[in-house]
Amino acid sequence: MTPERELWACALLVEREQGNNAAVYIAERISALALAGDADGVARWKAIAERLSLLWTGERPMPM
C-alpha cells in the first residue's frame, strides 16, 4: 500500500468508527501529539484531516 493510500484508508476508518465526531477525534489526536512534541505524528494526522475534509466537502481545509 502506498503512503497516500494509507492516509486515505486511515481517513475512511476514522470516519466509519467516529461518524460525525471524526473531525473532533482527529483534532484531539493532533492536540495530544502536539503536546507530546511529536511533530511527525501531528503532520500525519493533519494529512488524515485533509483527506477527511476532501471526503466530506470535496475541498481542502484552510492551512493551519
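The model is predicted, so local features need pLDDT of at least 70, side-chain atom pairs count only at pLDDT 80 or more, and totals for chains, interfaces and linings use all residues. Residues are numbered from 1 along each chain as its sequence is written, and side-chain values use heavy atoms, with hydrogens and water left out.

Start with the fold. The protein chain has three helices and zero strands. Helices here are DSSP runs of H or I, at least four residues; strands are runs of E, at least two; numbering goes from the N terminus. The pattern along the sequence is α-α-α.

Now the overall dimensions. A compact globule of 64 residues would have a radius of gyration near 11 Å, and the protein chain agrees, with 11 Å. That radius is taken over C-alpha atoms, and the globule rule is 2.2 Å times the number of residues to the power 0.38. The C-alpha trace spans about 30 × 25 × 25 Å along its principal axes.

Next, burial. Buried means under 20% relative accessible area, exposed over 50%, partly exposed in between, with a 1.4 Å probe and protein chains only. Buried residues make up 23% of the 64 residues.

Take helix 2, residues 22–35. It has 14 residues and reaches 20 Å from first C-alpha to last, close to the 20 Å expected at 1.5 Å a residue. The expected span is 1.5 Å times one less than the number of residues. Which residues of helix 2 are buried? Ala22, Ile26, Ile30 and Leu33. They cover an arc of only 75° around the axis, so they sit on the same side of helix 2. The arc is that of the directions from the helix axis to the C-beta atoms. Their cover includes helix 1 and helix 3. Just after helix 2, Gly37 takes a positive phi of about 80°.

On to the core. The largest nonpolar core has 12 residues, among them Leu7, Val14, Ile30 and Trp45. Such a core is a set of buried Ala, Val, Leu, Ile, Met, Phe, Trp, Tyr and Cys residues joined through side-chain atoms within 4.5 Å. Helix 3 gives the most, with five residues.

Contact means heavy atoms within 4.5 Å. Leaving aside neighbours within four places in sequence, Leu52 is in contact with Ala11, Glu15, Ala22, Ala23 and Ile26. Arg51 lies in helix 3 and is buried, at 11% relative accessible area. With the neighbours within four places in sequence left aside, Arg51 is in contact with Glu4, Leu7, Trp8 and Ala11.
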